[in-house]
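The following note sets out numbered points for a colleague reviewing this model. Each point may be checked against the coordinates.

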Amino acid sequence: MKQDKKGNQYRINEQIRVREVRIVGDNGSTVVPTRQALDMAHDQGVDLVEISPNANPPVCRLIDYSKFLYQQKKRAKEMKQKQVKQEVKEIRFGPQTDEHDYNFKLKHAKEFLEEGNKVRAYVFFRGRSILFKEQGEVLLLRFANDLEEYGKVDQMPSLEGKKMFLYMSPKKAGVAKKSQQKRDREQAEAEAKEANRQQKEIDAEAPANGGMFANIKNGEDILAKLQSKNEE
């Protein structure tokens, strides 16, 4: 049994000692006796590589073993590049953080979670401010509640020395779940936009129907009277 540098093991050629194997390739798959598969590999100048030993029968490929390892390494590298790198972003509060500062940090926390990062928020108690630890806990709970659309709580507020921590993870990397209130607001905005568009179309057609007179009460009657006088 050969072993690559990463420690992954694959049985190849005579190391494969089952009665039959399934060979997969560009033209599909076929089940053949292992001896026949070895002869096919020999005739093509390649190796018989077992890629799925737990299948019934085991799945193999006819390929040069070095090329196979290269493909595996390349595929692993591509998958690693596609993975979203998740970082832990810190948000620091004081026990008596004012509203402006709170909203500023809340905005950043939303951005962190939307990007797929974790958030570690904490309240730092300096000196006698430790007496306000309940106030710090309330602040962190409010923080978690305001971020419920974007993240989930991994650990509720807990005091560690002079710091009280709250840990949150994104609900779904890069995508924040919308609340019903937000969905209703967006629907209302869409309906208002559509109504505005329809009104513009009506206004655009108005000149053909009598200009500004068609847009006021009894406008058509007034226009008819004026046209009648002109004819006289």
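1. In this predicted model, helix α4 comprises 14 residues. The distance from its first C-alpha to its last is 20 Å, close to the 20 Å expected at 1.5 Å a residue. Five residues of α4 might be inspected together: G136, L139, L140, F143 and A144 are its buried residues. Viewed down the helix axis, these buried residues fall within an arc of 135°, so they line one face of α4.

2. Against which elements do the buried residues of α4 pack? Their partners are β7, α3, β8, β9 (151-160) and β10. F143 shows this in detail: leaving aside residues up to four places away in sequence, F143 touches I91, F93, Y102, K105, L106, A109, V119, A121 and L166.

3. The largest nonpolar core contains 20 residues. Within this core, I91, F93, L140, F143 and L147 touch the most other members. At least two core residues are supplied by each of β7 (88-93), α3 (99-114), β8 (118-124), α4 (133-146) and β10 (163-170). The largest share, five residues, comes from α3. Another core lies apart from this one; that core has nine residues, including I16, V21, A37 and L48. As general context, nonpolar side chains in soluble globular proteins tend to be buried together.

4. Strands β5 (residues 47-52) and β6 (residues 59-63) run antiparallel and are joined by five bridges. The two strands form a hairpin, with six residues between them.

5. How many salt bridges does the structure hold? The count is eight. Since E50 lies in β5 and R11 in the loop between β2 (9-10) and β3 (20-25), the pair ties together parts that are 39 residues apart in sequence. E50 is buried, at a relative accessible area of 5%, whereas R11 is partly exposed, at 31%.

6. K105 pairs with D101, the closest N and O atoms being 3.3 Å apart. Both residues belong to α3 and stand four residues apart, about one turn of the helix. Is K105 buried or exposed? With a relative accessibility of 18%, K105 counts as buried, because the class covers values under 20%. D101 is partly exposed, with a relative accessible area of 24%. K105 is also among the residues that F143 touches.

7. E87 and K89 form another salt bridge, with 3.0 Å between the closest N and O atoms. Here E87 is partly exposed, with a relative accessible area of 33%, and K89 is likewise partly exposed, with 23%. Finally, E99, R142 and D146 are linked in a network of salt bridges.

Notes: Residues numbered from 1 in each chain as written. Predicted model: local features only at pLDDT ≥ 70, side-chain atom pairs only at ≥ 80, totals over all residues. Heavy atoms only, no water. Core = buried A, V, L, I, M, F, W, Y, C linked by side-chain atoms within 4.5 Å. Buried < 20%, exposed > 50% of the residue type's maximum accessible area, 1.4 Å probe, protein only. Contact = heavy atoms within 4.5 Å. Expected span 1.5 Å × (residues − 1). Arc of directions from axis to C-beta. Pairing = 2+ DSSP bridges. Salt bridge = Lys/Arg side-chain N within 4 Å of Asp/Glu carboxyl O.
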